[in-house]
4 protein chains.
Amino acid sequence: MDAFEPTPRDQFSFGLWTVGNPGRDPFGEPTRAVVNPTRLVAKLAECGAWGVNLHDNDLVPFGASATERDQIVGEFKAALEDSGMVVPMATTNLFSHPVFKDGAYTANDPKVRAFALRKTMDAIDLGVELGAKMFVFWGGREGTEADACRDPRSAVARMRDAIDFLCEYVKDNGYDLRFALEAKPNEPRCDIYLATTGHMLHFISTLKNEEMVGVNPEVAHESMAGLSFTHGVAQAMEAGKLFHIDLNAQRIGRYDQDLRFGSEDTKQAFLLVRLLEGTGGGGRYTGPRHFDAHAYRTEDEQGVWDFARGCMRTYKILAARAAAFDADSEVRALIADIRDETLDPLLGGGYSAEKAAALRAADIDIDVVARRGLGYERLDQIMMEHLLGARS
Amino acid sequence: MDAFEPTPRDQFSFGLWTVGNPGRDPFGEPTRAVVNPTRLVAKLAECGAWGVNLHDNDLVPFGASATERDQIVGEFKAALEDSGMVVPMATTNLFSHPVFKDGAYTANDPKVRAFALRKTMDAIDLGVELGAKMFVFWGGREGTEADACRDPRSAVARMRDAIDFLCEYVKDNGYDLRFALEAKPNEPRCDIYLATTGHMLHFISTLKNEEMVGVNPEVAHESMAGLSFTHGVAQAMEAGKLFHIDLNAQRIGRYDQDLRFGSEDTKQAFLLVRLLEGTGGGGRYTGPRHFDAHAYRTEDEQGVWDFARGCMRTYKILAARAAAFDADSEVRALIADIRDETLDPLLGGGYSAEKAAALRAADIDIDVVARRGLGYERLDQIMMEHLLGARS
Amino acid sequence: MDAFEPTPRDQFSFGLWTVGNPGRDPFGEPTRAVVNPTRLVAKLAECGAWGVNLHDNDLVPFGASATERDQIVGEFKAALEDSGMVVPMATTNLFSHPVFKDGAYTANDPKVRAFALRKTMDAIDLGVELGAKMFVFWGGREGTEADACRDPRSAVARMRDAIDFLCEYVKDNGYDLRFALEAKPNEPRCDIYLATTGHMLHFISTLKNEEMVGVNPEVAHESMAGLSFTHGVAQAMEAGKLFHIDLNAQRIGRYDQDLRFGSEDTKQAFLLVRLLEGTGGGGRYTGPRHFDAHAYRTEDEQGVWDFARGCMRTYKILAARAAAFDADSEVRALIADIRDETLDPLLGGGYSAEKAAALRAADIDIDVVARRGLGYERLDQIMMEHLLGARS
Amino acid sequence: MDAFEPTPRDQFSFGLWTVGNPGRDPFGEPTRAVVNPTRLVAKLAECGAWGVNLHDNDLVPFGASATERDQIVGEFKAALEDSGMVVPMATTNLFSHPVFKDGAYTANDPKVRAFALRKTMDAIDLGVELGAKMFVFWGGREGTEADACRDPRSAVARMRDAIDFLCEYVKDNGYDLRFALEAKPNEPRCDIYLATTGHMLHFISTLKNEEMVGVNPEVAHESMAGLSFTHGVAQAMEAGKLFHIDLNAQRIGRYDQDLRFGSEDTKQAFLLVRLLEGTGGGGRYTGPRHFDAHAYRTEDEQGVWDFARGCMRTYKILAARAAAFDADSEVRALIADIRDETLDPLLGGGYSAEKAAALRAADIDIDVVARRGLGYERLDQIMMEHLLGARS
């Protein structure tokens, strides 16, 4: 066992739907047997994971009776206790059943919107019962193919009504639970509303209880659109809104791949881990490191656990690489803050007419500034050599 | 002259940099002569445009003396008066000069940040002098290639400092001017901060004077990332933040093309014009219809004016198609609101425990709902036939 | 009934799997009942289609006995006869069953490769029995996620072995059947070998019986990668290799959407129809106009037939627009060939030292040539106005 | 000096245009001074490079007189001799001058096509004079924005006429020179003909002297379209057509970035180096390792040399990682060939009716085969850990 083996102290979590994914895809049938949630929990614990997350229907089948539900939940709680695993996050499946084909909270039919709210309240109750402190919303069907079917402004308004309602439901029940909203630009819908973490952050700023709502950015979802995942996450952190995170890997401009963490776009994965771990300064993310990924369809159950270990190991390798990078004295020199005793006071602390005048009068030789090389090729190459384990 | 010929009543505007673009690109030299701004204004007026927008350096060369500046501005004002054209929007060029190679408001060097603020104040003064009511910010260099060069959270904070400062500058001077922020995910930088209109809307919500700041979404910039431009604009409109708009055309996943409006992704262009014109209900955008595009490099000056006319004509054709679509009785039937006397009161007007209970008790047959066909293939096909002028 | 209603003379065909698609996707269950193939044939005929295509398992379930197979095929032939429909093309499903999870012809396990060949021979027999003259190969699983699992050169060689073998099988049996190979860059595999129509055309040039093998380009597959579909199809036509075509619609950089023909990227759809119909000169494609698309998941069976009619109507509208565009005298003037009596003979008919010398001596004023505007903005705008039905 | 420092034995080459790039981009002016070619050669040699490549106009300005040309060439040859550098490859610039705005070999105006041929003949003479054995063609302007301007089939035919002519020119002059064609899907044109290495390979198969023509794939060009670069290169190698290669880095779906080799999509870079070095078996590429990249615009001249060293060092690090991966006994076990004494003889060596019958009769239990896990998650994770230097 090397330094990169996962332990519960690392706060790694997986969704039941991730290690339980049987390998069905749009062009093919399942390749693996469905594994019981209680076995998944036990095996995750064996692999070094700390938490397990779930959609309501990952555990309790759609349409189960109250008795069935209670029995299933009881067995699951026992499995948690046996394994020492926790449920840090829960969510609800508002995308698989055909009733959601036009959306859930944004569907045109009030019956669908009502049913979606009801299903979510039940899922919140379930999550709280299992100990979850975070509830994630991914609106997989909240979008369109035939865009004229509704005004996109109504969709935003309906989404707001739903989240406002559910915030109050949580408060009314005295639950210790916060919400994390997850964006995705497309798939399974042609275009999904509130397409990126940026759009979601803005939407949150319009909510009645915005303080209890943050984001759950997912690597694959922002990367599909070719956006810098690190920049999106950083904007959320700067605003105190990074409530949860979904780790996986994805190539740009493709179907939703949910690959093993770090196995694509390794540089962005490094930058992300560095940001979350705070080795470069600026604050550390303290929530769960959640993997929303699944094993290749070529794998049997053993391959699933190889996959799970791989996600966690790569995270820890990248964290070690980031720590070494940020401790590198040449790096520190290259990114040291530039101080300017005259200008710094003018640039911070707000506007005044005097500052404006001083800025206008300041002696700045822009040609000298423009000519200075910034050493960023060197900086980035050092980073790559750390990433590749080629610089000690 | 047909119904689609542009007139000043249509409020079409162009940037000096658009019709003045001489056809240089990363792989080739200019193919057209540079045309004097005063001639550009006169020709735009001839084509039926209403307004002309500008970066400071489109009109006044970088480093011009105060005397030169005043002479140039005087001649330009005379040209505006002669032609009846207005300057609805101004902006500042913080990307061409090498001093901005590391960014402007977010650059690591305080000298650059100071110079950028000073240059913007001057550009604001110029814009106000020319009558502009809107000032656009596009931070073309506010990004990175070597991402470790700064913490992306610092970049957001520096951007906020700058916009907060400049809002106060405007207020302190008593200017009647609002700001519109323009996002772009990449190019010329590998990744640009605040990558989409969504990220920008959120950023605005964190400003001290957020009421005077909105967005200026550009078709090409959101489309590069494959996002639905219509959804992004709709979110801005729903929040009262669509202050300006940049119209052009772009294929997804490419360099910044700035093609003639409507000449790519015609369906999205239709949906956008329909949204802006409000033919489907939900409110109309009343600001300038600004084109931020340029003629192909194969064109001479005549080709530039063909290009400009083409932008405006296509907008008007699409507006006519949208009006016909929304007046089509079959369309109205397909997208009529579904009312539900029992559920509608539960879904609007906020949460109560009683509503939650009523939702849980409501009689909803989800299988019946799930089976209902929604007619969206029909709806979209009718839309395409309107778009193609094949349905009267 | 207007001029755009489809008729059998238009040679429109659909796959059983297209109008039979029940609306399952990676995130959701089916939304429509499965419809019997014989009913699909009858309804397609009603809609004006001419042909129906199939995978072996669209008609005969995987693992059916010989007796079952013969009964099903007999009923299907009767349905064809009743409706006057033909089966122009057949193919085999080498992607749904888990046995193909590592590929079919390129799988590492010889058992899989052997089974894939055997299944294809049976599917060829079935296709020939139903009257098909074309057999399509789409190797949905011929790719990788973990790229180190095999040398990509071996994959190409294995693919060649398989197609060479099957060509000989067809000849040995005296079948009147040609092959059409279909490329796709990704999905369901992370990367699929022979990623585009270009790669496939080259692969064909290395086959033993290359004369009996051509391509079956699909709009969605090339468009996913953002390539010009028209250019790829044109290259195939120029080489006499356009044997079949799959029509649908797709946004760039996304999951495989298979949308209603013409409903996205309408300009490319126009350019494609213009090329296939040969209205601009240069030869017409005479094979089937096959739609490989499916209705939105929001639709019931009625929506499926709306979808099918929409595909065909849009094709006919675009064909009419293309004819009008190419008959437009202004267009003809803009794209008329430029003749040069001195240079034309030097540029055609092969090399000679004398031609080389004459080219070097020719009097060419490149500055004059460079300055000439080409009128392409005008040309493209006229095209858009024809497309939008706004120019008569 | 560690094991990754470049030496001439590594056969690394750079274009004059790469290390000579002054940092101009579509939105900004140059940030670095232009450096004399003779100095570039000397500095490249200092960095450990072996060869330097050039466009005609990188060395001899467009329109230079014969005397100027000869003087420049003489000085350059002297610099080569002083530094021990070679010129393995030459090419011609058919994209910068406005005369090529509509294409070069495919332009509609015969004068342009004639001038392009003439310019290429001169550039071939220059390349041969400098010792080049390879001549690269990148047709940056061979494409369209207004696609109706010419039939894309004519474009392919014109391209064929040009390459056929130039092959004969080389033979007629007794030059020891081969051609390598370079594809690119877009930029600076909206769509460029023969968009990928696959399309180019097929085009080559239609040439009169196809044996002297191969491909020059570029990482950035295939990656822009999101294609697997490794698969494209492998197809070329399998066909004996990898004549040259352009190494750099690129994010998918963006403007042409030409970043430092290995600095993006590090996994693909690893797979590529592994393929070129042949550590996994299947043959090694023996030509130049050419870098077609340039330093960030933030750099001064020192940054340019940091950039150049970085390209070469990363290549060598990746080569070391590939060698270790392929020597790893667990890897060898995971990707060992599966042998089947019964089936292997049926699958190779061509068709016979007996083989077809034997395949049909073979006893294959597909359910057993389907259930077997393939260990690809493990394989890929081991590869990532080698890549990250975390497995010894």
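In chain A of this predicted model, residues 24 or more positions apart account for 77% of the contacts with a separation of 6 or more. The chain contains 16 helices and 10 strands. Of its 392 residues, 69% are buried. Along the principal axes, the C-alpha atoms of chain A fill a box of roughly 75 × 55 × 40 Å.

Chain A is in contact with chain B, and 99 residues from chain A and 99 residues from chain B take part. The size of an interface is often given as the accessible area lost when the parts come together. Between chain A and chain B, about 8200 Å² is buried, and carbon and sulfur atoms give 63% of this area. On the side of chain A, the most area is lost to chain B by R153(A), Y351(A) and R360(A), which together make up 10% of what that side buries.

Polar interactions also link the two chains. Between chain A and chain B, 40 residue pairs are in polar contact, counted where both residues have pLDDT 80 or more. Helix α5 of chain A, residues 110–129, supplies 11 residues, the largest share of the side of chain A that touches chain B. By residue class, that side of chain A divides into 51 nonpolar, 20 polar and 28 charged residues. The number of salt bridges between chain A and chain B is 10. A salt bridge joins R160(B) to E238(A), with the closest N and O atoms 2.8 Å apart.

Notes: Residues are numbered from 1 along each chain as its sequence is written. Chains are lettered from A and ligands numbered from 1 in the order in which they are written. This is a predicted model: local features need pLDDT of at least 70, side-chain atom pairs count only at pLDDT 80 or more; totals for chains, interfaces and linings use all residues. Side-chain values use heavy atoms; hydrogens and water are left out. Contact means heavy atoms within 4.5 Å. Buried area is the accessible area (1.4 Å probe) that two parts lose on being put together, summed over both. A salt bridge is a side-chain nitrogen of Lys or Arg within 4 Å of a carboxyl oxygen of Asp or Glu. A polar contact is a pair of N or O atoms within 3.5 Å; within protein, one must be able to donate a hydrogen and the other to accept it, and residues adjacent in sequence count only if both atoms are side-chain atoms. Helices (H or I, at least four residues) and strands (E, at least two) are DSSP runs, numbered from the N terminus. Ala, Val, Leu, Ile, Met, Phe, Trp, Tyr, Cys and Pro count as nonpolar, Asp, Glu, Lys and Arg as charged, and the others, Gly among them, as polar. Buried means under 20% relative accessible area, exposed over 50%, partly exposed in between (1.4 Å probe, protein chains only).
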